[in-house]
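The following questions and answers show how structural terms are applied to a model. Please keep the sequence and structure in view while reading.

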Amino acid sequence: MLPVLISRTSMLTSMPNMVNGLTSAILGSRSYSQDLLDHYEKPRNVGAMDKTAVDVGTGIVGAPACGDVMKLQIKVDDEGRITEAVFKTFGCGAAVASSSYATELIKGKTMDEAAGIKNTDISTHLSLPPVKLHCSMLAEDAIKAALADYKNKQKK
Amino acid sequence: MLSLKASQFIGHNGAFQPFGRIIAAFQPVTCVDSASSSLTHFGRFNSTFQHHTSLHTLSTGLSIFSRGLVTHTAPPDTAATAETLPENVFTSISEDWLDALTCWLEDNDPGFEEIEYHDGVLTFKIPDGMTFVVNRQTPNRELWLSSPVRGPSHFQLYSVDGRPEWIESKTGSNLHAVLEEDVSKLLGVEYPIVIE
């Protein structure tokens, strides 16, 4: 499980920054789909926003002990549309890819549309193997957590 | 506030021993055949509780345990957590449950393409390549299921009449029932699963 060990040395940072060509060599033997590998090697929207900003919603799900932690942040405009989404994930390739794809999915959507995103949307697109379906569930939870945090902030 | 380590609960014979008053021997039983009960140790644990205390279920045993860790009693129908159930006990319970399930699948094989169980991960394939995975998730004291029918779900550990039951918090589904339903659906015939 080398990829997992490597990613654990860099908390909340996506892997490809550290191990560029190595990843597909390692992951190739796991038969991850091309889409998944693509998101893993070239993740979209890695980054962080100011979590104290009033137009930012932050969702943190998972736990290091469980092997996966995802932080997903959204920026919402006055019309309730998600203009920006970023993520940082600590975990396996499928977890990184799931959260990367999640940020792609929600950008440009309204909050209601984003809330309607299901783990199956993510797992089907990435062709996640059975044992990694949980990663897509975690990504769905991360989206919902970010939306909930944003809504909470608006109440205050 | 008392801070108790799991090691304090292991008695001289290596058995889980809350407060030193109750001795329960968790001896994992290797599955011989589906007729023999892989979880009989659970029954022994149960009866030991009955002998030494007025408790009847593991869950109230959990509440005794948690009474030591926090200053209140956990209600008997709460899910096990890392705070209320030591890791080795959880491992033992989940190991036996998954072992019993594996034995059942092996003994009642309708043509599975693969049945593999090791290290707390059970994988079995329906003909046509649909794969089920049931694995232990120790930090959360849960069993995780990946089903080709309904996708991923997490099941927390409860004690119901002294038997371990795995219940999903979101839907209230029981893992045992979910497996029966999903396997039956894919096989096209009713496939009951008996976990002793």
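**Terms and values in the model**

Chain B has four helices and six strands; helices (H or I, at least four residues) and strands (E, at least two) are DSSP runs, numbered from the N terminus. The model is predicted, so local features need pLDDT of at least 70 and side-chain atom pairs count only at pLDDT 80 or more, while totals for chains, interfaces and linings use all residues. Residues are numbered from 1 along each chain as its sequence is written, chains are lettered from A and ligands numbered from 1 in the order in which they are written, and side-chain values use heavy atoms, with hydrogens and water left out.

Q: What pattern does chain B follow along the sequence?
A: Chain B reads α-α-α-β-β-β-β-β-β-α.

Q: Why is Arg141(B) called buried?
A: Buried means under 20% relative accessible area, exposed over 50%, and partly exposed in between (1.4 Å probe, protein chains only). Arg141(B) has 5% relative accessibility and therefore counts as buried. This residue lies in the loop between strand E3 (130-137) and strand E4 (142-147) of chain B. The phi of Arg141(B) is near 55°, a positive value in a residue other than glycine.

Q: Why does Ser127(A) count as partly exposed?
A: The relative accessible area of Ser127(A) is 44%, so the residue is partly exposed. Ser127(A) is placed in the loop between H6 and H7 of chain A, and its phi, near 50°, is likewise positive in a residue other than glycine.

Q: Why is Gln154(A) called partly exposed?
A: Gln154(A) counts as partly exposed because its relative accessibility is 38%. Gln154(A) belongs to helix H7 of chain A. From C-alpha to C-alpha, Gln154(A) and Val54(A) are 7.4 Å apart in space, although 100 residues apart in sequence.

Q: What makes a set of residues a nonpolar core, and which residues have the most contacts inside the largest one?
A: A nonpolar core is a set of buried Ala, Val, Leu, Ile, Met, Phe, Trp, Tyr and Cys residues joined through side-chain atoms within 4.5 Å. The largest has 33 residues, and those with the most contacts inside it are Leu72(A), Ile74(A), Ile106(A) and Ile143(A). H7(A) gives the most to this core, with nine residues.

Q: Which residues does Ile143(A) touch, not counting residues up to four places away in sequence?
A: Contact means heavy atoms within 4.5 Å. Ile143(A) touches Leu72(A), Ala102(A), Ile106(A), Ala114(A) and Ile117(A).
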